[in-house]
Amino acid sequence: MHKWPYTGVVCALLLSLLLAGCRQPQAGPGDDAATVMPSGHGATFLGTAECSSRALGEFREVSCTSEKAAARVLARHDGSRAAGPACPAATDFVLHISESGPLGVPKGYACMRNLEPPHPGDPGMGGGPLTVVGDCVYSAREGQVKETACDGSAERAPEFQVERAVGRRGQCPPSTALYVQLGGEKPVGCARRV
């Protein structure tokens, strides 16, 4: 005879409670599908116009009104950057998003703009993923140039400044000392020596 005659009932009740606690919650009427997305702020992780924080090389999607917000997404594209559309000219940096997570965030890239200066993507600032009219460059090696700050504040002094973007080299002015590959609809940059 057992001291506790209801031991079996208590064990069955505990087991059913444990099993109920382990089930995944089901979406019901009125639930927003975005609430189960990894971003928590939209249907796409770091979608256009959303913001990210930046801490120790990690970027997390946050509300643009958050004190942690550091940069805004100007454009977001799926796939590889080499095969996708170019970022807008005002882009300060590009975040490459690898496919990950249980919900399968698609591989892609986000064109980001800092919420506050500095803006390395602005003309003449010496950074950003694109070379644009107004940027300065120096000769890195034969046939290759790299961007640098036009005001001389960077490690390398500027040697040339891109003054115009044109469709082909023949459209550059006679004062052009260097042709710089820009990409886009006007892929040739006409640069003068500074």
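**Salt bridges and pockets in the predicted model**

Asp 92 and Arg 113 are both buried (buried means under 20% relative accessible area, exposed over 50%, and partly exposed in between, with a 1.4 Å probe and protein chains only). The model is predicted: local features need pLDDT of at least 70, side-chain atom pairs count only at pLDDT 80 or more, and totals for chains, interfaces and linings use all residues. Residues are numbered from 1 along each chain as its sequence is written, and side-chain values use heavy atoms, with hydrogens and water left out.

A search of the whole structure gives five salt bridges (a side-chain nitrogen of Lys or Arg within 4 Å of a carboxyl oxygen of Asp or Glu). One of them joins the side chains of Asp 92 and Arg 113, at 3.6 Å from N to O. This pair links distant parts of the chain, 21 residues apart. Asp 92 sits in the loop between strand 3 (71-78) and strand 4 (93-97), and Arg 113 in strand 5 (residues 108-114). Strands (E, at least two residues) are DSSP runs, numbered from the N terminus.

Arg 113 also meets Asp 122 in a salt bridge, with an N to O distance of 2.7 Å. Asp 122 is partly exposed, at a relative accessible area of 24%.

Glu 163 lies in strand 8 (residues 160-166) and Arg 192 in strand 10 (residues 188-193), so the pair ties together parts 29 residues apart in sequence. Glu 163 is partly exposed, at 42% relative accessibility. Arg 192 is partly exposed as well, with a relative accessible area of 29%.

The largest pocket has a volume of about 260 Å³, the volume being the space filled by probe spheres set on the points. Its lining has 15 residues, of which Leu 130, Thr 131, Leu 182, Gly 183 and Gly 184 lie nearest the centre. By class, nine are nonpolar, four polar and two charged (Ala, Val, Leu, Ile, Met, Phe, Trp, Tyr, Cys and Pro count as nonpolar, Asp, Glu, Lys and Arg as charged, the others, Gly among them, as polar).

The second largest pocket has a volume of about 190 Å³. Its lining includes Thr 131, Val 137, Lys 146 and Glu 147. Strand 7 (144-148) and strand 9 (178-181) each give two or more residues to this lining.

Conventions
On a 1 Å grid over the protein atoms alone, a cavity is a set of points where a 1.4 Å probe fits but cannot get out, and a pocket is an open set with protein on both sides within 12 Å along at least five of seven lines; lining residues have an atom within 4 Å of a point. Helices (H or I, at least four residues) and strands (E, at least two) are DSSP runs, numbered from the N terminus.
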